[in-house]
Amino acid sequence: MYDIDTFVRVNETRLLDELKQLLRIPSVSTNPEHAGDCRRAGEWLAEHFRALGCSSVELKASETHPVVVADGPKCPGKATVLVYGHYDVQPPDPLDLWDTPPFEPVVRDGNLYARGATDDKGQVFSIIKAYEAVIRDSAPPVNVRFLIEGQEESGSAVLFDLLEREPDLVDADAVLVADTPYYAPGWPAVETGLRGLCYAEITVRTLKGDLHSGLYGGVAPNAHEALVQILTQLKSPKGRIKIPGLYEAVARPTRQEREAWNSLPFKLQKFMRQEVGSRELTGLTRYSVFERLWALPTLDIHGISGGFTGEGAKTVIPAVASAKVSLRLVPNQRARTVQRQLARAVKQVAPRYADVKVDFIHGADPVVVDATGPHIQLIDKAFREVEGRGVVPIRSGGSIPIVPALGKKGAPVILSGVGLPDDGLHAPNEKLAVEQFFKGVRVFGRFLELAGQ
Ligand code: BES
Ligand code: MN
Ligand code: MN
């Protein structure tokens with residue numbers, strides 16, 4: 001029997017080389033200039049699935065950001081595992097903070113550095129190679145369908161439309177998603193919840209056009225001043241979001257859940273100083289850090305623009321200013337409802353002299369996963385065998401918009417990845433530990449074997 005460990009050992013170099021090929025494609029979905037690269041990444045995967053002997057491989061629903069749908073050979077009477085992942089990545093900037101270029105993957109000190117190394121090309125590729133490992137010298141142990149999209153980082157519109165039109169695509173016995181990290185090195189996790197998102201741009205206009213601040217300062221309404229007034233009224237200095245109705249739908253985690261979180265190994269000082277890199281933590285301090293990260297909504301300002309920010313000085317009263325903001329949402333909030341609540345709150349607190357506009361960019365509902373079912377026991381067993389420790393149930397503050405839709409036909413969704421918390425996703429020098437990648441091949445390979453038994 002040609003087992004998975006042997007497969008990994010014999011093919012180490014080739015597996016990494018293949019992943020590097022995929023990482024070299026700058027498939028940044030949030031930037032239209034990279035549409036061609038997103039297409040290329042989709043085509044690269046499709047070609048890869050054909051070479052693996054998939055019986056049906058299609059690029060669906062978009063010319064520029066196609067969804068790759070690939071089915072392994074049919075195994076009648078066996079369960080079906082749906083594997084979801086994304087081949088698109090976040091923009092790599094600021095480029096000057098990368099030690100090596102983001103789309104020239106290299107291994108240094110046991111880590112593979114590249115944009116997408118962990119989020120999500122490296123992680124989803126570990127499942128693809130796991131599949132290769134288990135079909136290598138025998139019939140597939142289980143039915144597998146891969147569903148890999150190219151728009152996760154920009155809201156998944158193409159895949160949402162596709163699943164509306166073809167709901168049977170998610171007809172499966174379990175959905176496996178490797179797009180969330182371990183809790184800590186040596187501590188694999190299964191995420192029982194993800195936060196949702198409501199991303200918006202607030203634009204304020206106070207004048208027909210910019211004015212000289214000497215001639216008109218003292219009487220002319222300043223757009224930046226209006227914008228700042230609005231923003232500061234949306235959250236108290238103590239961290240309570242002052243959007244009417246926002247907390248109504250928020251469900252407190254169960255006592256059992258809170259107790260489980262409290263028993264996780266956690267060093268506050270280390271987390272604050274090293275991981276966050278600050279002197280203090282903010283937010284509603286009467287709740288634990290985990291509750292603030294996983295079970296409470298947030299409101300963040302991502303960037304403010306308008307007026308004069310160039311070199312030197314320019315005495316201008318800006319007519320227009322705008323801010324990109326987002327709220328992270330928790331069970332049982334709904335992105336649609338929060339959109340309305342935010343728009344109303346902004347209009348309520350805006351000064352009378354300001355015209356305000358709130359444009360929604362994208363959103364996602366929060367996710368709750370039942371982590372007690374039999375499928376979780378399979379991933380737990382696979383991790384026990386490979387890592388020597390089973391999965392801990394945690395939540396995560398990030399969002400994966402399509403997850404609720406993946407479970408629409410009743411299949412349980414397993415959120416369990418092999419990245420580490422310090423992988424630096426979305427940041428410069430994103431990496432995946434090479435060891436974690438190979439663990440992924442072994443764990444997911446065992447999972448596929450077990451799922452077919
Ligand atoms: N893989 C991440 C989400 C994630 C990361 C969940 C870590 C849990 C832990 C995903 O690719 C991502 O970045 N999602 C975006 C949402 C999107 C709509 C821009 C996010 O969370 O900001
Ligand atoms: Mn991701
Ligand atoms: Mn991401």
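Q: How do you know whether F271 counts as buried or exposed?
A: The relative accessible area of F271 is 15%. Buried means under 20%, exposed over 50% and partly exposed in between (1.4 Å probe, protein chains only), so F271 is buried. This is a predicted model, in which local features need pLDDT of at least 70, side-chain atom pairs count only at pLDDT 80 or more, and totals for chains, interfaces and linings use all residues. Residues are numbered from 1 along each chain as its sequence is written, chains are lettered from A and ligands numbered from 1 in the order in which they are written, and side-chain values use heavy atoms, with hydrogens and water left out.

Q: What do the values say about F266 and F290: buried, exposed or in between?
A: F266 has a relative accessible area of 33%, so F266 is partly exposed. F290 comes to 7%, so F290 is buried.

Q: How many aromatic pairs are there, and what makes a pair?
A: The count comes to 11 aromatic pairs. One of them joins F266 and F271, with 5.3 Å from centre to centre and 55° between the planes. Rings of Phe, Tyr and Trp (its six-membered ring) pair if their centres lie within 6.5 Å, and planes under 30 degrees apart are stacked, over 60 edge-to-face and the rest tilted, so F266 and F271 form a tilted pair.

Q: Which residues do the ring pairs link into a cluster?
A: The cluster holds Y183, W261, F266, F271, F290 and W294.

Q: Which protein atoms are donors of the manganese ion (ligand 2), and how do you know?
A: They are H86 (NE2), D119 (OD), D179 (OD) and D179 (OD), at 2.0 to 2.4 Å. Donors are N, O and S atoms within 2.8 Å of the metal (3.2 Å for Na, K and Ca), and sites may look incomplete because water is not among the atoms.

Q: What do the angles make of the arrangement around the manganese ion (ligand 2)?
A: The six donor atoms there subtend angles of 57 to 163°, so the arrangement is irregular. D119 lies in the loop between β5 (111-113) and α3 (121-135) and D179 in the loop between β7 (174-177) and β8 (189-194), so this pair ties together parts 60 residues apart in sequence.

Q: Are D119 and D179 buried or exposed?
A: D119 has a relative accessible area of 6%, so D119 is buried. D179, at 10%, is buried too.

Q: What coordinates the manganese ion (ligand 3)?
A: D119 (OD), E153 (OE), E153 (OE) and H426 (NE2) do, at 2.0 to 2.7 Å. H426 is partly exposed, with a relative accessible area of 38%.

Q: How far apart are the manganese ion (ligand 3) and the manganese ion (ligand 2), and which residue coordinates both?
A: The two ions are 3.6 Å apart, and D119 coordinates both.

Conventions
Tetrahedral: all angles 85-135°; square planar, octahedral: opposite > 155°, others 65-115°. Helix = DSSP H or I, 4+ residues; strand = E, 2+ residues; numbered from the N terminus.
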